[in-house]
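Hi,

Here is the structure I promised to pass on.

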Amino acid sequence: MTSTPDLAPASPAALRKPAQAPRGGSPRKTRRTSRHPYLTALSTARARTGLVLVGAVVLAGLLAPLLAGHGPTDQSGLSLAGVGTPGHPLGTDDLGRDLLSRVLYGIRADLGIIAIAVPIGAALGCLLALAAAAHPVLDTLVQRIFDLILAFPGLILALAVTAILGPGRLPVVLVIALAEIPAFGRLLRGGILVQREREYVTAARVGGSSGPRVLVRHILPNAADPLIVQVAVSLTVAVFIEGAMSFLGVGVRPPEPTLGSVLSQSMPYLAQAPHFAAGPLITVTALVLGLSLIAEALNREVRR
């Protein structure tokens, strides 16, 4: 016959230990108890590399008046001067304008356009997604709006807007904003549909919360997580759209420089002066690569 071992009495400290809170509730509240996941994603080597690349390009554009030794439209007697020419570190273009100044001010112009166009497209897309979540009839209408915008290829949309408004900053901003509306709208709409079926939403409705309150206070904060990734992706797309429009001559009017316009002007001189295209090409590559690395790091964190 085996004897049962004596159980030691519980210590006073163990008796005073509070019970753990039950799991459940909104997932957003659970995530806030630890380090923010996006800060974790941005601390990875991949994201840090992207931040350095994007930060360098942005800083160069912001400091263009200090870094540029000449105005972007100032002409000299040196046509297609090579890299390392005194007073012109990156050389000059076919009209004798300093390439370093034109690249720096081109970054400045591109960043100004993108910083306006992407938030406008994101705001309109999110508003349409919220309207779609309010009523089934509005949902059908909003989806048709998204389909209509997506029916136009980017180049056709750019040419159509430019044909109506003429070349300039406004058409570029409008084209980028229109192109981003379906991306943000569909992403947020899908997130809302998924979150509607979660238990915490049912609990909030049983608790007496109204439909708009549940949407704004419970569903929207959890459905908006992927939008952070979409911002980085949309910035990358906006760089391509602006560059393509300026390259085709339907963007910002000359002589104001943009990266796309400087690259377009260098095409006839690639064999004679390859340095002409090097500045804008390297800058666009660094900006797009940096944004892509940041978007990939954030996307990995969201998918966990």
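This is a predicted model: local features need pLDDT of at least 70, side-chain atom pairs count only at pLDDT 80 or more; totals for chains, interfaces and linings use all residues.

Residues are numbered from 1 along each chain as its sequence is written, and side-chain values use heavy atoms, with hydrogens and water left out.

The largest nonpolar core has 35 residues, and V175, I176 and M245 have the most contacts inside it. (A nonpolar core is a set of buried Ala, Val, Leu, Ile, Met, Phe, Trp, Tyr and Cys residues joined through side-chain atoms within 4.5 Å; buried means under 20% relative accessible area, with a 1.4 Å probe and protein chains only.) Helices, which are DSSP runs of H or I with at least four residues, are numbered from the N terminus. Seven residues of this core, the largest share, come from α6. Setting aside neighbours within four places in sequence, I176 is in contact (heavy atoms within 4.5 Å) with I113, A117, V118, A238, I241 and E242. There's also a second, separate core of 15 residues, with C126, F184, A223 and L227 among them.

Next, T258: you'll find it in the loop between α12 and α13 (259-266). T258 is buried, because its relative accessible area is 0%. Not counting residues up to four places away in sequence, T258 touches G106, A109, D110, E242, S246 and V252.

Cheers

How values were computed: Buried means under 20% relative accessible area, exposed over 50%, partly exposed in between (1.4 Å probe, protein chains only). Helices (H or I, at least four residues) and strands (E, at least two) are DSSP runs, numbered from the N terminus.
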